[in-house]
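User: I would like to go through this structure with you, one element at a time. Please begin with a helix and check its length.

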Amino acid sequence: MEDQKSSKPLRVFLWMVPRTNSTVFTKCMSFVEDTEVWMEPFMACMLNETFYNPEWGTDMPVMIKLRTLVKELMEKEEFITFRKQEVEKASKYGNVWLQDKFRYPWLKKQLEMDPKDKKFVFIKDQACAINDHLEHLPDVPTRHTFLIRHPQEAYPSFKNVAVNYFEFAKLPWDEFHLGNDMPYFPTKEFYQIQCNLWKYVKENLDPEAIIIDGFDLTTKPEVVLPKYFDKLGIPYKDSYLQWESDPELVYSSWKGSSEFVFIASKTTATSRAVESSRFDPPKTPRGTSNPAWKMTDELKEYVSYSMPYYEEMYANRLT
């Protein structure tokens with residue numbers, strides 16, 4: 001493990017898979033003293049190489065169809081309003097850049113810059129976004145943490161977000177295939193990629209990499225957070241269990257792509273977390289999901305495929 005007593009601010013990565021309570025965790029960390037927060041900057045880079053790259057997926061009928069749907073979405077009045085607000089906020093706040101700015105080499109340089117008057121830099125990102133780009137991790141003191149959640153909880157929730165991403169552009173549950181219809185995401189391999197990254201990090205970067213289960217985090221934060229902070233060497237306060245709900249605090253402080261900070265935070269994916277003021281326990285027991293979310297064939301396949309990777313990490317989680 002790298003020397004935490006370095007004069008450089010310590011970078012703390014939170015590597016996650018979607019729907020693991022990562023955004024509410026990030027909101028909590030926004031109120032930790034002397035901490036700078038980043039919102040999925042590597043994912044912004046990944047999407048610029050795939051989804052937003054007009055030369056990517058030109059041989060995939062699903063991408064041609066998807067880009068047509070996106071074009072139609074962008075012509076909707078509601079989305080035009082979102083985009084206008086995004087550009088206005090990007091010019092107003094110094095913590096964001098427009099989405100097209102995000103490229104891996106550029107981001108590496110940004111994350112290596114030492115922020116003034118900060119002791120910690122908390123970077124929340126998806127494991128799949130760094131999977132093939134490990135050379136672009138910043139060459140500064142870092143710790144690595146991993147946020148997991150039972151696949152039976154995460155995958156149906158992810159599908160619910162995908163089909164209801166915008167209130168004005170909903171998709172049919174049974175017709176939408178979580179993997180096939182979003183080929184720019186390695187959806188089936190989310191947990192495999194995260195588990196492999198955890199093993200790589202332990203062997204090469206941070207032998208004391210920390211794993212937190214999202215269910216544990218939201219049901220007993222008063223137990224998990226103090227232990228987490230202690231392992232990172234961050235002073236803990238009980239006040240960190242409660243924070244201000246005002247989303248404007250997010251817009252004006254989180255660093256990252258304007259699309260991720262402003263638009264994504266207003267979608268069904270993260271809006272509740274961005275407006276949160278505490279950790280709320282889940283409404284269903286661990287290993288279960290909303291019974292209204294039908295378990296389609298791809299969900300059953302992805303949950304079954306992911307369980308061995310999840311269970312291995314769960315056995316090594318912070319308790």
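Analyst: Helix α3 has 14 residues, which at 1.5 Å a residue should span 20 Å; its end C-alpha atoms are 20 Å apart, so the two values agree. The expected span is 1.5 Å times one less than the number of residues. Helices (H or I, at least four residues) and strands (E, at least two) are DSSP runs, numbered from the N terminus.

User: Before we continue, what kind of model is this?

Analyst: This is a predicted model, in which local features need pLDDT of at least 70 and side-chain atom pairs count only at pLDDT 80 or more, while totals for chains, interfaces and linings use all residues. Residues are numbered from 1 along each chain as its sequence is written, and side-chain values use heavy atoms, with hydrogens and water left out.

User: What is the average pLDDT of the chain?

Analyst: The average is 92, and 95% of the residues score at least 70. pLDDT is the predictor's confidence in each residue, from 0 to 100.

User: Where does pLDDT stay under 50?

Analyst: That applies to residues 1-5, for which the model has 13 contacts beyond four places in sequence. A contact means heavy atoms within 4.5 Å.

User: Back to α3: which of its residues are buried?

Analyst: Met 63, Leu 66 and Leu 73 are buried in α3. They cover an arc of only 75° around the axis, which puts them on the same side of α3. The arc is that of the directions from the helix axis to the C-beta atoms. On the other side of α3, Pro 61, Ile 64, Lys 65 and Lys 71 are exposed. Buried means under 20% relative accessible area, exposed over 50%, and partly exposed in between (1.4 Å probe, protein chains only).

User: What covers the buried residues of α3?

Analyst: The cover includes α4. In α4 the buried residues are Phe 79, Phe 82, Glu 86, Lys 89 and Ala 90. Seen down the axis of α4, these residues fall within an arc of 105°, so they line one face of the helix. They pack against α3, β3, α11 and α12. Glu 77, Lys 84, Ser 91 and Lys 92, on the other side of α4, are exposed.

User: Now the strands. Why is β4 described as largely enclosed?

Analyst: Seven of the seven residues of β4 (residues 120-126) are buried, so the strand is largely enclosed by the rest of the structure. Phe 120, Phe 122, Lys 124 and Gln 126 lie on one side, with Val 121, Ile 123 and Asp 125 on the other. In a regular strand the side chains alternate between the two faces of the sheet.

User: How many bridges join β1 to β4?

Analyst: Seven bridges join β1 (residues 10-16) to β4, and the two run parallel. Leu 10 stands opposite Phe 120 in β4. Strand β2 (residues 35-39) also runs parallel to β4, joined to it by five bridges, and Glu 36 stands opposite Val 121. Two strands pair if DSSP finds at least two bridges between them.

User: And which residue of β6 is the bridge partner of Ile 148?

Analyst: The partner is Asp 213. Strands β5 and β6 run parallel and are joined by four bridges.
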